[in-house]
Amino acid sequence: MFTDPISDYLTRIRNASRAGHRVVEIPASNTKKEITKILFDQGYILSYKFEENETQGIIKIALKYDKDTKEPVIRKIQRISKPGLRKYAGSGELPRILNGLGIAIVSTSHGVMTSKQARQENVGGEVLCYVY
C-alpha cells in the first residue's frame, strides 16, 4: 500500500519517460485523472485513456517525445506537497515555474488546476507538483 499515490503517479511517468516507453499504465483515482487532463491540455503528453474495471480502473498515458532528438517532452516532474509536509499557497503566492515555461499543478477548492488558472480565479490551494 502506498502512502502517497500522487508521488507514485509522478514517479511512474518520470521512469517511463526516462526509459523511453511509449505508454505507461497507472492505477486511477479522480485526482490522478484531473492531473492527466492538465498534462494533456498543456501539451506534456500525447494522449490518455481511462479504462474502468470492477475495482479501481487504469489510466493509460501515451508519452510525448521530441521528433528530432527523441528526448521526452517532460524534462522534470517533481512532487512538492508531500503527506509529511503539505505546501499551501494563497492566490498571490502561487509559484511561476521557469518564468512561465513550466506549470505548477494546484489542488484548490475549485478543483485541480494550473497555478496560472488559480491566479485568474483568485484561489489558492495545495501545490501538488511542478512540471517542465
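Visitor: Let's start with strand pairing. In which sense do S2 and strand S3 pair, and over how many bridges?

Guide: Happy to start there. In this predicted model, S2 and strand S3 (residues 58–63) are paired in the antiparallel sense, with 6 bridges. To see the pairing residue by residue, look for bridge partners: lysine 49 has lysine 60 in S3 as its partner.

Visitor: What is the strand order of the open sheet?

Guide: Its 3 strands come in the order S1-S3-S2, with antiparallel pairing. Strand S1 (23–27) and strand S2 (45–51) are the edge strands, each pairing on one side only. From one strand to the next, the twist averages 20°.

Visitor: Which strands does helix H1 touch when it packs on the sheet?

Guide: Helix H1 (residues 5–19) touches S1 and S3, and its direction makes about 165° with that of S1. H2 lies across S1, S2 and S3, at about 155° to S2.

Visitor: Now a single residue. Is threonine 36 buried or exposed?

Guide: The idea is to compare relative accessibility with a cut-off: under 20% is buried, over 50% is exposed. Threonine 36 has 0% relative accessibility, so this residue counts as buried. Threonine 36 is part of helix H2 (residues 30–41).

Visitor: What is threonine 36 in contact with, leaving aside neighbours within four places in sequence?

Guide: The list is Tyr9, Ile45, Tyr48, Phe50, Ile59 and Ile61. With tyrosine 9 there is also a polar contact, side chain to side chain, at 2.7 Å.

Visitor: And why does glycine 92 count as exposed?

Guide: Glycine 92 counts as exposed because its relative accessibility is 75%. You will find glycine 92 in the loop between strand S5 (88–89) and strand S6 (103–108). For a sense of distance, the C-alpha atoms of glycine 92 and proline 5 are separated by 28 Å, with the two residues 87 apart along the chain.

Visitor: Over how many bridges do S6 and S8 pair?

Guide: S6 and S8 pair over 6 bridges in the antiparallel sense. S5 is also antiparallel to S8, with 2 bridges, and strand S4 (residues 77–79) is joined to S8 by 3 bridges, again antiparallel.

Terms used
Residues are numbered from 1 along each chain as its sequence is written. This is a predicted model: local features need pLDDT of at least 70, side-chain atom pairs count only at pLDDT 80 or more; totals for chains, interfaces and linings use all residues. Side-chain values use heavy atoms; hydrogens and water are left out. Helices (H or I, at least four residues) and strands (E, at least two) are DSSP runs, numbered from the N terminus. Buried means under 20% relative accessible area, exposed over 50%, partly exposed in between (1.4 Å probe, protein chains only). A polar contact is a pair of N or O atoms within 3.5 Å; within protein, one must be able to donate a hydrogen and the other to accept it, and residues adjacent in sequence count only if both atoms are side-chain atoms. Contact means heavy atoms within 4.5 Å. Two strands pair if DSSP finds at least two bridges between them. Axes are lines fitted to C-alpha atoms, for helices over the stretch in contact, and angles run from 0 to 180 degrees between N-to-C directions.
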